[in-house]
Amino acid sequence: MHLIFIRHGDPDYKNDSLTQKGFKEADLLATYTADWDVSALYVSSYGRAQRTADGLEKNWKVERQTCTWLHEFDWRVIDPNSAKSRGAWDLMPEQFFCNDLYFNKDKWADTPLMQSGNIKEHYKEVTENFDKVLLSFGYCRKEEKIPLYSCTPNFTSQELSVDTHLDAFQKNGDERKLVFVCHLGVMFVLISYLTGLSPMQLWQGFFVAPTSVTILGAQERLPGQVLFRVQTMGSTSHLAAAKEDPSSSGFFGSVIPYA
């Protein structure tokens, strides 16, 4: 099983759509991935994600499922320094790094800043709906705080007793691919949930460009026990192949072309 997260194209936030560049990026992505065999396509209800998914849905011949819970994680908190509302994941570096609780996967949402926006409940809503999707494909979260999933074994104990992890080519136990077209903030919520990290570490320390592709693969080291592990983070290969510079939207600076 592979979970594929795609950020929407360069956004036109005013009209909740894509800019001219964003539509070009989406077209390049659809062409580049046209031969993917996708099992399901989940799309944020926001217009910029919907427009990004149009070409993907057409090429993959799979009907999108629009999910309101996949919309941007744009919940607000009250900044204690200014007493003004701001996005939960938009902190100044000093504010983030000076509080060790923000790095704690179990306590980050209990900090006064996150409590001011009821962020724990919003996080829970997203992750619970996500787990319902995985459960529909036979993957059941074993514990809320431990990112392990149980499933019908794809390998036998005998197969797994042979260490093949250094081999260049290995057996793929579950060929299905689930694609989620959404937004940077909510994408990092889900990746944090799947990897056992505080989402604030991803919100503050990582960036993925518009139409970038992030892939997590199911790693089964014991029969029927799966951990989803990041294999690709923020790939813009489809843009590099066409010599199209990636958008820096969402980053306080520029992005290196074709990196």
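1. Of the 259 residues of the chain, 45% count as buried. Buried here means under 20% relative accessible area, exposed means over 50%, and partly exposed lies in between (1.4 Å probe, protein chains only). The model is predicted: local features need pLDDT of at least 70, side-chain atom pairs count only at pLDDT 80 or more, and totals for chains, interfaces and linings use all residues. Residues are numbered from 1 along each chain as its sequence is written, and side-chain values use heavy atoms, with hydrogens and water left out.

2. Overall build. The chain has nine helices and 12 strands. These are DSSP runs numbered from the N terminus (helices: H or I, at least four residues; strands: E, at least two). The radius of gyration is 19 Å, close to the 18 Å of the globule rule for 259 residues, so the chain is as compact as a globular protein of that length. That radius is taken over C-alpha atoms, and the rule is 2.2 Å times the number of residues to the power 0.38. The C-alpha trace spans about 60 × 40 × 30 Å along its principal axes.

3. Contacts. Among contacts in the chain with a separation of 6 or more, 65% join residues 24 or more positions apart. A contact means heavy atoms within 4.5 Å.

4. Surface. The accessible surface of the chain is about 13300 Å², and carbon and sulfur atoms hold 52% of that area. Areas come from the Shrake-Rupley method with a 1.4 Å probe; for residues, only the protein chains shown count as cover.

5. Cysteines. The count of disulfides is zero, where a disulfide is a pair of cysteine sulfur atoms within 2.5 Å. Cysteine 140 is in none; its nearest cysteine sulfur, that of cysteine 151, is 10 Å away. Cysteine 140 is partly exposed, at 35% relative accessibility. Cysteine 182 is buried, at 0%. Its sulfur lies 9.7 Å from the closest cysteine sulfur, in cysteine 67, and that is too far for a bond.

6. Backbone points to check. Most residues other than glycine have a negative phi. Aspartate 16 has a positive phi, near 45 degrees. Aspartate 16 sits in the loop between strand 2 (11-12) and strand 3 (17-18) and is partly exposed, with a relative accessible area of 27%. Alanine 83 also has a positive phi, of about 65 degrees, although it is not a glycine. Its loop runs between strand 6 (76-78) and strand 7 (85-87). Alanine 83 is exposed, at 61% relative accessibility.
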